[in-house]
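Dear colleague,

I am handing over the structure below, and after it I set out what was found there. Please read the notes with the structure open beside them.

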Amino acid sequence: MSDEQLIKEIISGNHAAFKNLMEKYQLQVFRTVMGFVHIKEDAEEVTQDVFVRVYQSISSFHHDAEFSTWLYRITVNTSLNFLRGNRKNRLLQSLEAIFTYRSEEKTPLEELEHAERDRRIRMAIDSLPEKQRMAFILSRYEELPQKKIAAVMKRSEGAVEQLLQRAKENLQKKLGIP
Amino acid sequence: MKTEHHIDEFIQRAKETVPNPYLSTRVMAKIEGLEKVERRKSPLWQALALAISIAAAAFLGVSIGNSYVEDGTPERILNINDRQIESLGYYNFDENE
């Protein structure tokens, strides 16, 4: 069933159609959210919120853009809202991640180094300006083409290209890559 | 170059993370819960009608209370000398002496 047909079914009150739509898109939503929140449990919570919002506002979707573009917009906005409301918790979680990181193949020192490296990468991504971070996550986590990212962000392809370039430079600077 | 590889590896690990298989079931349960709450909530017109009827009842009570006018004539007090009816002399022993 196409997205359009599924949406019609959902609007007419068919819950099973919504479940089908969700199962079709839940991985891409979850992956995008992971790019923003980095923690599985948080990503699940945000994914849940995304689909509740989609269900509540699906009647306002007018097919001006593709459904997936509309869904990405909701996903990005919900993720950013979640981050704005959880700044303190996130600091604690990133510290916790260092101490709970476990790998059977590595020595404790290697594990700690690995966890610290992950923390630095996460911090570098999180500290990117909002638009750069959006473009970076959609490009790297979802591997979306620039045209699609431009549609999600309501910008020109050229602007997205610039954002991606700046995001790359900023990450290199923050992580000390010459 | 090495750090770029670490970034790729970090992103790859995040991409390989899969959500809980029951996520969609959880979402459906949440949506159904929200719908039940919505259904339980009375619509706005019902709340308005209730508020208006309470206000009307209070207004009616106050107006009926205000419309009550007291009778102008003062209360009459019955002051009858019933000495003739009652044979009080009997108790006073006047007639038995």
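Lys30(B) counts as partly exposed in this predicted model, because its relative accessibility is 33%. Its side chain meets that of Asp49(A) in a salt bridge, with 3.6 Å from N to O. Since Asp49(A) lies in helix H3 (residues 40–57) of chain A and Lys30(B) in helix H2 (residues 23–40) of chain B, the pair joins two chains. Asp49(A) is likewise partly exposed, at 26% relative accessibility.

Arg13(B) is partly exposed at 29% relative accessibility, whereas Asp118(A), with a relative accessible area of 7%, is buried. Within chain A, the side chains of Arg119(A) and Glu116(A) meet in a salt bridge at 3.0 Å, N to O, and both residues lie in helix H6 (residues 108–126), 3 residues apart, which is about one turn of the helix.

As for chain B as a whole, its secondary structure comes to 4 helices and 0 strands, and buried residues make up 14% of its 97 residues. On its surface, Leu44(B), Leu48(B) and Ile52(B) make a nonpolar patch of about 340 Å²; of these, Leu48(B) lies in helix H3 (residues 44–67) of chain B and counts as partly exposed, at 49% relative accessibility.

Notes:
Residues are numbered from 1 along each chain as its sequence is written. Chains are lettered from A and ligands numbered from 1 in the order in which they are written. This is a predicted model: local features need pLDDT of at least 70, side-chain atom pairs count only at pLDDT 80 or more; totals for chains, interfaces and linings use all residues. Side-chain values use heavy atoms; hydrogens and water are left out. Buried means under 20% relative accessible area, exposed over 50%, partly exposed in between (1.4 Å probe, protein chains only). Patches are made of residues with over 30% relative accessible area and no salt bridge: like charges are joined within 9 Å, nonpolar side chains (Val, Leu, Ile, Met, Phe, Trp, Tyr) within 5 Å. Accessible areas come from the Shrake-Rupley method with a 1.4 Å probe; for residues, only the protein chains shown count as cover. A salt bridge is a side-chain nitrogen of Lys or Arg within 4 Å of a carboxyl oxygen of Asp or Glu.
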